[in-house]
Amino acid sequence: WTSSSRSASAGSTLALQTGLEAYELEGRLDVPTGVTLTVQAGVTVKGRNSSGLIYVQGHLQAVGTASQPITFTSVADSGPSQWSGLGFTGGTGDLRYVTVRYGGAASNYVSGNSNVAMSGVTNGEVRIESSRILSASHTSLDNGVYAYNSRLVISDTLISGNGSATNDAGLYIAGSSVVTVTNSTIRGNAGNGLGLDWVQQKYN
């Protein structure tokens with residue numbers, strides 16, 4: 001299954017199908033406001049190149065299980081900067097038992113080059129639980145997870161191998177973000193495990 005740039009419609013589902021190795025993104029897959037894209041347990045989604053991106057203004061529901069995780073990766077599936085990743089602009093997400101890896105090839109329309117990036121997620125939140133965010137990098141602003149003016153909850157998750165320079169981070173928080181991290185490991189990232197925008201960051 002291959003998709004060039006398109007928009008998900010109401011009730012769209014990427015279903016687990018016998019004989020289907022992966023859903024392949026040739027371009028950007030938009031999830032518009034008011035629309036939910038559901039990715040079923042056991043599904044793999046691959047971005048072909050820097051154009052491969054899931055851009056969420058609605059809701060991304062990607063709930064796997066321990067025995068059937070969901071994977072977002074590149075077609076080559078061999079190293080960082082091979083596709084763009086997941087970008088949330090005002091949209092929300094529920095990611096459980098998910099691996100996101102090898103992103104950061106180009107801007108995800110949120111900020112820089114990250115596996116998962118979000119901006120303006122204030123009506124709801126992005127939740128990342130029991131997941132792995134691995135090996136995103138490019139040339140600058142490389143982060144595993146980037147949150148700007150957003151609500152983010154991370155639990156039981158590994159963030160590792162992201163970034164390529166000393167100003168990069170596994171998790172970068174900026175603006176008036178509200179971020180909760182519990183029972184998670186952030187290690188082996190270039191630069192810092194945690195990056196904060198000291199000028200704009202608010203603490204609660």
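The legends below describe close-up views of one predicted protein model.

Residues are numbered from 1 along each chain as its sequence is written. In this predicted model, local features need pLDDT of at least 70 and side-chain atom pairs count only at pLDDT 80 or more, whereas totals for chains, interfaces and linings use all residues; side-chain values use heavy atoms, with hydrogens and water left out.

**Figure 1. Overview of the protein chain, with zero helices and 23 strands.** Helices (H or I, at least four residues) and strands (E, at least two) are DSSP runs, numbered from the N terminus. Of the 204 residues in the chain, 52% are buried; buried means under 20% relative accessible area, exposed over 50%, and partly exposed in between (1.4 Å probe, protein chains only). Among contacts (heavy atoms within 4.5 Å) with a separation of 6 or more, 71% come from residues 24 or more positions apart. The chain exposes about 8500 Å², of which carbon and sulfur atoms supply 45%; these areas come from the Shrake-Rupley method with a 1.4 Å probe, and for residues only the protein chains shown count as cover.

**Figure 2. An open sheet of eight strands with parallel pairing.** The strand order is E2-E5-E8-E11-E14-E17-E20-E23, where two strands pair if DSSP finds at least two bridges between them. Strand E2 (6-7) and strand E23 (192-196) stand at the edges; each has a single partner strand, so one side of each lacks a neighbour in the sheet.

Figure 3. Strand E17 (residues 142-148) and strand E20 (residues 169-174) run parallel and are joined by five bridges. Asn143 stands opposite Ala169 in E20. A pair of aromatic rings is described by the distance of the centres and the angle of the planes. The whole structure contains one aromatic pair: Tyr146 and Tyr172 are stacked, at 5.8 Å centre to centre and with 10° between the planes. Rings of Phe, Tyr and Trp (its six-membered ring) pair if their centres lie within 6.5 Å; planes under 30 degrees apart count as stacked, over 60 as edge-to-face and the rest as tilted. Tyr146 is buried at 11% relative accessibility, whereas Tyr172 is partly exposed at 21%.

**Figure 4. The salt bridge between Glu24 and Arg48.** The structure holds eight salt bridges, each defined as a side-chain nitrogen of Lys or Arg within 4 Å of a carboxyl oxygen of Asp or Glu. In the bridge of Glu24 with Arg48, the closest N and O atoms are 2.5 Å apart. This pair links distant parts of the chain, 24 residues apart: Glu24 belongs to strand E4 (residues 23-25), and Arg48 to the loop between strand E7 (44-47) and strand E8 (53-56). Glu24 is buried, with a relative accessible area of 19%, while Arg48 is partly exposed at 40%.

**Figure 5. The salt bridge between Arg101 and Asp77.** The closest N and O atoms of Arg101 and Asp77 are 2.8 Å apart. Arg101 lies in strand E13 (residues 98-101) and Asp77 in the loop between strand E10 (70-74) and strand E11 (85-89), so that distant parts of the chain, 24 residues apart, are linked. Arg101 counts as buried at 17% relative accessibility, and Asp77 as partly exposed at 28%.
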